[in-house]
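Visitor: Please take a close look at one helix-helix contact in this model. Then place it in the wider fold.

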Amino acid sequence: MAERKRNLKRKGEPLKGAEKLSAARGAEREAGWLQEKVAEIRRNSTECKFNMKRLRFLSDAQKVRQGCGAVLYWMARDQRVQDNWALVYAQQLALEEKLPLHVCFCLVPRYLDSTYRQYAFMLKGLQEVAKECTSLDIQFHLLSGEPELTLPGFVKHWDIGGVVTDFSPLRLPLQWTERVKKELPPDVPFIQVDAHNVVPCWEASNKLEYAARTIRGKITKLLPEFLTEFPPVEAHPHTSTKTAKKVNWEEVMSSLEVDRSVGEVVWAQPGMAGGVAMLESFIDKRLRLFATERNNPNADALSQLSPWIHSGQLSAQRVLLEVQRWGKRLTESVASFKEELLVRRELSDNFCFYNDNYDNINGAYDWAKKTLQDHAKDSRPYLYTREQLEHAETYDQLWNAAQRQLVLEGKMHGFMRMYWAKKILEWTSSPEEAVNISIYLNDRYALDGCDPNGYVGCMWSICGIHDQGWAERHIFGKVRYMNYAGCKRKFDVGQFERRYTGKKA
Ligand SMILES: Cc1cc2nc3c(=O)[nH]c(=O)nc-3n(C[C@H](O)[C@H](O)[C@H](O)COP(=O)(O)OP(=O)(O)OC[C@H]3O[C@@H](n4cnc5c(N)ncnc54)[C@H](O)[C@@H]3O)c2cc1C
């Protein structure tokens, strides 16, 4: 982020000839063009191969159990049918063995600080997944409860001879995978595919990377091998003799035990179709502004894709392929976007995978721990409780506006997220408390919350993760400081404040 901020240009660049052409083309195209193009590209990609480096065996067994009834993809992080390497591989296994293919999702009654907002987004996306599976003769099952309690029985009941799952570097999903592994029959192979990252996390690096500069080259070098097209998941030729229980989605929604006081947002349509529509509008309208305006919270320059990427409803690899394909002439913007979507995002997975303390101060580098400790007793001119912060009741109208944006829209502008978390450090009694509160608010209100990017974002802001030491100052020590005056120099603070003033958080 240090390099990124240095490279920041203040004003939008005038469009060059080629950019004008591209923007004009965007205006000419009919809504829905990207969906059609992507479907066509997939149809022409049947020859694309699955790269075995995308998977790792979690079991000793490596061959599908002979005489079994089916292959299963246990879908967790990557909630989509197409552009999903885990499902591509599960179908390949089932085809090799001439077996039916099943997909299941384990719905846990609550997940960290997620609320109805994130659950509704996820379930509506899963509804689309279920429909697509049915159209492809793949059985979709929604299981209710912790994976280690529901999956082993399911595997036995459906005579599953091989289980494929996707990958998340986070604590709970890793625990689920570990526990399921212990409960599965020893002759059933259990295979994990990194379907979220372009370069599989374990291939990008085998260690905790220090910063973007230490992982960038490694990822870039591997792109020719991994940034490929996806073969389509096709109609499955081996039909299951038994069909999955039909899901009553309304019942599932009404039976959720999560906090319903945080409701859905209107701007983000759940599911892959909604994600592709957002990607299309980014390519047509906002991509050209990305290089110059992405740090201006008043400008409409961001992709807005994080809710779909986080929930796996959209593949980051697909996003990158399309942005590169259709934004060819917008070199600078495509390069900046690639830095965020590829390098920063995959760096977050690296951090969480190789650092058990990814969401607390013990995970900080030694220099940051020391400097925060040295300033632990510094007087705090303002101290706010979690409730005051949650209700946007600080003296700082810019911060309040950002918090309101998060609560009302389920997504805070990326630049404001940094300022927001840093102020929480300044206004709470310890860095530990600041990390906890920022993660709590982010996971509770953000549609893209509970994500490695979120943990790293909070840890970057408060504990200097992936950053460097700066001039020492009160409370922050050597951790990078941001203030109101700095924001005023960068963008029209008043405009942002007015946009959210009067709106209740
Ligand atoms: C305190 C704090 C909390 C954050 N919480 C989250 C979170 O919960 N979930 C989340 O996905 N991101 C989080 N981020 C990272 C970043 O702010 C968001 O990814 C971005 O604002 C999402 O909006 P967008 O999709 O319009 O981004 P764009 O700028 O259009 O970027 C495209 C994609 O690149 C990735 N990306 C962008 N910025 C970063 C970054 N700094 N680090 C890693 N990946 C990035 C995301 O996948 C994003 O969707 C957080 C950052 C901070 C400082």
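Guide: Leu287, Arg288, Phe290 and Ala291 in H11 meet Glu332, Ser333, Ser336 and Phe337 in H14. Contact here puts two C-beta atoms, placed from the backbone, within 7 Å. Helices are DSSP runs (H or I, at least four residues), numbered from the N terminus. The residues of this contact split into four nonpolar, two polar and two charged. Ala, Val, Leu, Ile, Met, Phe, Trp, Tyr, Cys and Pro count as nonpolar; Asp, Glu, Lys and Arg as charged; the others, Gly among them, as polar.

This is a predicted model: local features need pLDDT of at least 70, side-chain atom pairs need 80 or more, and totals for chains, interfaces and linings use all residues. Numbering starts from 1 along each chain as its sequence is written.

Now the geometry. H11 spans residues 272-293 and H14 spans 331-354. They pack at about 75°, with axes 8 Å apart. Axes are lines fitted to C-alpha atoms over the stretch in contact, and angles run from 0 to 180 degrees between N-to-C directions. H11 and H14 are therefore roughly perpendicular (65 to 115 degrees).

Next, the domains. An automatic or database assignment sets the bounds: domain 1 (2-33 + 267-354), domain 2 (52-197 + 221-254) and domain 3 (361-500). The C-alpha centres of domains 1 and 3 lie 25 Å apart. Across that boundary, 18 residues of domain 1 contact 23 of domain 3. H14 gives the largest share of the domain 1 side, six residues. By class, that side has nine nonpolar, six polar and three charged residues.

Technical notes: Helix = DSSP H or I, 4+ residues; strand = E, 2+ residues; numbered from the N terminus. Parallel < 35°, antiparallel > 145°, perpendicular 65-115°, else oblique.
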